[in-house]
Amino acid sequence: MKPSTLRTFAIVVLACAHAASTAAAQTPQAPQTREEELRARREAKAQEVEKERQGRIERVLVSLENGRLFERLLNPPEGFYPLIGHVTPGSGLSLGAGYRQPRLFGERAVFQASAVGSPRKYFLIDARLLMPRLANEAAQAEFYALRSWWPEEAFFGLGPDSLRREHANFSLGNTVVGGSGAVRAGRLLMVGGRAEYLRPRSGQGRAKGIADVATLFPGEEIPGFGAPTDFGRFEAFADFNYREPLMNPRRGGRYYVSYALFDDLHLDRYGFRRLEVDLQQYVPFLNDRRVFAFHALLSASDAVAGQQVPFYLMRSLGGPDDLRGFRRHRFRDANLLLLQAEYRWEVFTAVDAALFVDAGQVAPRVSDFDLADLETDYGFGLRFGSVRGVFLRIEGAFGSRDGKHFILRFGHVF
Amino acid sequence: MSSSAPSVFAHSPRRPGRLRTLAVFAIAAGSLAALLAENRTRAAAPRFYPDDPIQVDNDREFDASGAAPIEGSNVWDFVENTFFEKGDRSPIRALNVNTMDEVPDSSWFTNRIGRFDLSPAEVGRGPNTLDAVDIDGWPIVEGKSQGVTPGYRVVDPSGRRYQIKFDPPGNPEMGSGAEMIGAALYHAIGYNVVEGYIVEVDPDRIVIDPEATTVDLSGRKKRMTMEDVKLILRRAARGPNGKYRALASRYAEGKYLGYFKYYGTRADDPNDIFPHEHRRELRGNRVFAAWLNHDDSRALNSLDMLQGSEGRRFVRHYMFDFGSIMGSGSTMPQVPRGGNEYMLEWKPSLLTLVTLGFYVRPWITIDYPKVAKSIGRFESARFDPVRWKPEYPNPAFENMRADDAFWAARIVAKFSDEHIRAAVARAQYSEPGAAEYAAKTLSERRDKVLRAWLPGVNPIVSPALDEEGTFTFRNAVVDAGVAGKPTAYLVQWHHFDNTNGNGPGEAIGAEIRVSEPRAPAPVERLQGMDFAAVRVRTEHPEFPHWAAPVTIYFRRGADGWQAVGLERQDPRAVED
């Protein structure tokens, strides 16, 4: 290699080395202590500090929770709110609006009103004044007025032997004005009374493709049909309730007894008395994660001498809350007996499953009940909710003479 | 032609070729020089710095004034931790430990009972700076809008706020008692917790500030009235004297910043550099939470506060809300599932569903002693620390390794029965037998925690090397009475070069077998050395994994040898 080449080479090497060492000298001084090392890392982060960000879903949920949208929708304490549910079983999904004003009489009374309607032209308008905490919470009272219109009420005939094929319908409008009061007669016992003015009006059914009740059944089988009258209802009741938790019970029981007089105010043809006994018992085991739940309901109506129980005020069996393997109002008569038993087991925190069996019967007289000939069904269900209550239940009912039934329903069965 | 042509032809292009070669050499030489320069820099980074092991991580150095409050969603917290795997799940050593494998003091944690001998009275006092407070006459300034427990907020004459929380009617003293015990124990462990006091509220002496507001169930802010207070008191336990017992939580100083997550770091806090799922005190919290049945140990029950002076603000991180520990579920007794299963677990749920409930999860059969309403559901007989679970997965808990659990268990081991009784006394239980049962159950659960997690690693602690050349250490499991003495300790000394960043070097002499935690060091061979390393393996018939070595590094200083490093080989992952 020529000397000039060597010189060039040396110059380049020195230049590179100088550049490298200069660059090294210009890099930040290596930390000499742990504290310096951590400080350097924090200094680097300080250059990149930015606002803490939340994802869109999280932001929406925060907003919903802080704004309490669910409470507003489901159980708002004040103001207007939407209503979603059922006017009455069989009405179809109903929509409406409600209003609540909880600050009356020094916040001792709550006024609430609602109007709900369904595509099947069912509607209910309801207004009531509630005083739930009177006399230092020893008493409560309620005054109400409501107007309802149920145009397609199912009717299959009276008595336990009614036939599914004899499906008819009738309309029922009703106006009710009344009040009730109760006093606490112990930590768990409430006793009280109720007085109502009723103005029910039965008429031609509006369901397309289903016979009107008057065309399928003779007048003696539908007492009270087309005979407009008003009623005074006077009732006394006692309610012993020690269920826990109250809205989705796993233990305890509830024993409710009422006795009511329905006084025909105009015709003196349809007055009757009604005794109802409603018993619920919950037997838990395995730390309340398994529950046997029992329900018995007896409704016995006895016409005043020489009068009849109007068919439209009779209790009925069949539907998602009682005999679940039958259509709504499948059986109707003056007297009713319902027996239900469920085995419920917790699947996880928000879901319970249940096996159930229902049995029931209607009869013209209490003495006509034949326990060996009860209508029965059984089934399986899932309940979604929490200890505070069942929000939704999905059930399949089988084993009845009316075939299978699928049930999707808000709220608990009992 | 062929002979001359190449010479001419070759001559001409050879010049550029030579230049290219020259350039390549020059660049290579330059690169070498740069590499050497960089190596010089790198070589300057020793494995142990002069200030190792640090006792304090100064995470208040950079101003965090820009940090803003974060509102959390209960639903999202459940969803993201149940259905997604948040944070980094690498099974790495905790990132915020010092070189001795300990947690330095920081804005997250202050070593208390783990480093110092606290008296029972100190544990019992907890974080409180006052002996007691009497809130009668303190005006209510705000309703309590968050959480399930009924309550409101008052201010003392100096303007300091307190949050008042009441016990559920069916379980007087339960929630407030749990809060007091939890705060005392978590404070003694080392976490930041707010001050809390048991108070009695006389309904006849309640005062509402004229400007007081509350948020009703529809989310609307409104003026607070006595009817609102009555609604709150209706959900509260009333004592025989007509008064309402409550917990008064004193607001922490500073500006409210919301909560911290158990993964990642706060983007707006320059001092927050260690991912939370890799912070030892958050991983190890699984041990403490299991001990106390703190199944509500989730992100939303933490608290970040901006503290410090102007230009030197920093974020202090608190553990918050102990109303759902032990047998308390805040507004009701703890559910039987609490601490035993996540809120949602697919396998047991499906098994339960398809077997019509004949598949019985183990926790369902737990027989919770009915001792007192203030205790709720709390027991020790069926408690399994390793299988214990919070309400839903917690990324830091999921990342807990055996060495994290060991660190936490050593702290639990420092709590004597007297310490526990002192903490329980804070609850001021009035029901006969309640305090005794709570203390006994906590002690029994402590013992189970120690048996489960202390032996998880080779439990060599407190190493020392004196000038005479005697190497001593302790066995944390033996010290805690969890197991008997090991068969032997196998001690091997090594050279160690602190400048190259590698582990122990060449062995010095042969491995020494000793039966006591004491072994001679090769004093002559250590002459002139600034550093030395020693590996200790332990032979114990019950714990074969103690054969995984603990490596200890010593540095010679003016006062003799100082232990500056301790590394445990993780012998096994903590079982789920």
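Modeller: Gladly, and let me start with a term: two strands pair if DSSP finds at least two bridges between them. Keep in mind throughout that this is a predicted model.

Colleague: What makes strand 4 and strand 5 of chain A a pair?

Modeller: Strand 4 (residues 123-134) and strand 5 (residues 139-155) of chain A are joined antiparallel over 10 bridges, and at least two are needed, so they count as paired. Within this pairing, Ile125(A) has Arg147(A) of strand 5 as its bridge partner. The hairpin of these strands has four residues between them, and Ala135(A) there takes a positive phi near 50 degrees.

Colleague: How many bridges join strand 5 to strand 6 of chain A?

Modeller: There are 15 bridges between strand 5 and strand 6 (residues 168-184) of chain A, again antiparallel. Ala141(A) stands opposite Gly181(A) of strand 6 there.

Colleague: Over in chain B, how do you know that strand 8 and strand 9 pair?

Modeller: Two bridges join strand 8 to strand 9 (residues 302-307) of chain B, and since the rule asks for at least two, the pair qualifies. Lys255(B) has Leu306(B) in strand 9 as its bridge partner. The open sheet has three strands in the order 8-9-10, with antiparallel pairing.

Colleague: Why do strand 8 and strand 10 of chain B stand at the edges?

Modeller: Strand 8 (255-256) and strand 10 (314-319) of chain B each have a single partner strand, so one side of each has no neighbour in the sheet.

Colleague: What makes the meeting of Asp288(A) and Arg251(A) a polar contact?

Modeller: The side chains of Asp288(A) and Arg251(A) are joined at 2.6 Å, and the limit is within 3.5 Å. Leaving aside neighbours within four places in sequence, Asp288(A) is in contact with Arg250(A) as well as Arg251(A).

Colleague: Arg250(A) also pairs with Asp352(A); why is that called a salt bridge?

Modeller: The closest N and O atoms of Asp352(A) and Arg250(A) are 3.6 Å apart, and the cut-off is within 4 Å, so the pair passes. The two residues are 102 residues apart, Asp352(A) in strand 17 and Arg250(A) in the loop between strand 10 and strand 11 of chain A. Asp352(A), at 11%, is buried, and Arg250(A), at 9%, is buried too.

Colleague: What about Arg446(B) and Asp417(B): what makes that a salt bridge?

Modeller: Their closest N and O atoms are 2.8 Å apart, which is within 4 Å. Arg446(B) is buried at 8%.

Colleague: Why is Asp417(B) called partly exposed?

Modeller: Asp417(B) has 31% relative accessibility; buried is under 20% and exposed is over 50%, so a value in between is partly exposed.

Colleague: Finally, how many salt bridges are counted between chain A and chain B?

Modeller: Five salt bridges are counted between the two chains. One of them joins Glu58(A) and Lys261(B) at 3.2 Å, N to O, and that value is within 4 Å. On the side of chain A that touches chain B, helix 2 of chain A gives the largest share, 10 residues. That side divides into 26 nonpolar, 11 polar and 26 charged residues. The area buried between the chains is about 5900 Å², with 58% from carbon and sulfur atoms.

Note on methods
Residues are numbered from 1 along each chain as its sequence is written. Chains are lettered from A and ligands numbered from 1 in the order in which they are written. This is a predicted model: local features need pLDDT of at least 70, side-chain atom pairs count only at pLDDT 80 or more; totals for chains, interfaces and linings use all residues. Side-chain values use heavy atoms; hydrogens and water are left out. A polar contact is a pair of N or O atoms within 3.5 Å; within protein, one must be able to donate a hydrogen and the other to accept it, and residues adjacent in sequence count only if both atoms are side-chain atoms. Contact means heavy atoms within 4.5 Å. Buried area is the accessible area (1.4 Å probe) that two parts lose on being put together, summed over both. A salt bridge is a side-chain nitrogen of Lys or Arg within 4 Å of a carboxyl oxygen of Asp or Glu. Ala, Val, Leu, Ile, Met, Phe, Trp, Tyr, Cys and Pro count as nonpolar, Asp, Glu, Lys and Arg as charged, and the others, Gly among them, as polar. Buried means under 20% relative accessible area, exposed over 50%, partly exposed in between (1.4 Å probe, protein chains only).
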